[in-house]
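Hi there,

Here is the structure I promised to pass on to you. Have a look at it first, and then read my notes below.

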Amino acid sequence: MQIAPLTDHTGAEVRGLDLSGPVSDDVRTALQDGFLRHHVLAIRNQSLSPARLVQAASLFGEIFPQHNTRFALPDCPQIHYLSNQDSFPDGRRYIPGEGWHTDHSNDTRPPKATILHAVKLPSSGGDTQFANMAAAYEALDAATRARIASLVGIHVYQSSHSARKLMGLSEANKERVPNAVLHPVVRTHPESGIKSIYINPIRIEGILGLDHKEALPLLVELLEHATQERFQYRHAWQPGDLVIWDNRCLLHKANGDYDMNEVRYLYRVMLKGDVPH
Ligand code: SIN
């Protein structure tokens with residue numbers, strides 16, 4: 001197995017690995033180290049059934065139960081799907097994952113990682129972009145760092161300020177998903193100890209104790225800073241890719257920039273994380 005960096009800050013490509021069978025302890029350790037070091041691993045040339053994907057995911061942690069079960073695969077509900085073929089109740093096409101975000105930050109313990117496995121890809125486009133929020137934090141000026149050091153974000157299922165609307169939750173799902181949770185705007189990675197900006201335009205409703213007039217422009221300023229190209233890795237999908245990323249120190253977004261007559265369909269699974277500190 002070879003792990004080769006894709007940029008100098010985010011992303012590495014993994015070759016020479018077959019996740020359709022058991023892997024050795026050494027390989028498992030190397031994968032976990034590579035995930036922590038590079039934040040995104042693109043493991044090439046896999047062809048995994050949903051059940052096998054659950055096994056592969058468990059090399060990195062425990063499965064996180066996703067909030068909106070309407071996307072669960074009937075035969076393997078731990079795996080959800082992402083597809084450009086779904087529509088909102090009003091008939092508009094639903095493109096999952098558009099707009100910068102980190103997954104399920106409205107949970108008290110948001111998932112540490114998300115894994116996607118490409119099943120069907122458009123002939124071009126549909127890349128996933130990642131922004132390294134630790135590098136972005138590091139590049140902030142001292143005054144901004146001091147300003148945000150002890151701020152706390154209010155995260156909800158759907159922020160009223162977000163242009164991107166999510167698919168609604170069923171009544172049963174609403175019962176198990178928290179109404180609002182509080183997370184620090186600067187979080188410390190529980191494994192590396194590195195600080196990151198932790199915001200989520202789709203889920204942040206506000207900042208505790210700040211008027212929206214102050215909070216919303218600050219969130220926009222942080223997002224614009226953090227999503228500059230110098231902090232990004234852009235993943236152009238290849239058939240067979242399995243991509244795992246670290247939600248604790250990255251934002252990501254899907255691109256709906258391809259021919260919608262073509263199908264983009266991926267399996268998705270998340271891994272349990274910690275309470276952000
Ligand atoms: C997601 O936001 O989890 C999906 C990203 C993608 O489809 O590229």
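Before the notes, one term: a polar contact is a pair of N or O atoms within 3.5 Å. Please also keep in mind that this is a predicted model.

His101 has a polar side-chain atom 2.9 Å from a ligand oxygen, and for His252 the distance from a side-chain N or O atom to an oxygen of the ligand is 2.9 Å. On its own, the ligand has 260 Å² of accessible area, and the protein covers 99% of that.

The ligand's space is the largest cavity. Around the ligand you will find Leu82, Gly97, His101, Asp103, Leu116, Thr128, Trp245, His252, Ala254, Arg264 and Arg268. Sorted by class, this shell holds four nonpolar, four polar and three charged residues.

Now for the largest pocket. It contains about 240 Å³ of space. Among the residues lining this pocket are Ser159, His161, Asn200, Pro201, Leu216 and Leu223. Helix α6 (residues 212-226) gives the largest share of the lining, with four residues. How many charged residues does the lining have? There are none: the lining is made up of eight nonpolar and four polar residues.

Enjoy exploring, and write back with any questions!

Best wishes

Note on methods: Residues numbered from 1 in each chain as written. Predicted model: local features only at pLDDT ≥ 70, side-chain atom pairs only at ≥ 80, totals over all residues. Heavy atoms only, no water. Near = heavy atom within 4 Å. Polar contact = N/O pair within 3.5 Å; in protein donor to acceptor, adjacent residues only side chain to side chain. Areas by Shrake-Rupley, 256 points an atom, 1.4 Å probe, with all protein chains shown as cover. 1 Å grid on protein atoms, 1.4 Å probe; cavity = no way out; pocket = protein on both sides within 12 Å on 5 of 7 lines; lining within 4 Å. Sits in = over half its atoms within 2 Å of the grid points. Nonpolar A, V, L, I, M, F, W, Y, C, P; charged D, E, K, R; others polar. Points joined across faces, edges and corners; volume = space filled by probe spheres on them. Helix = DSSP H or I, 4+ residues; strand = E, 2+ residues; numbered from the N terminus.
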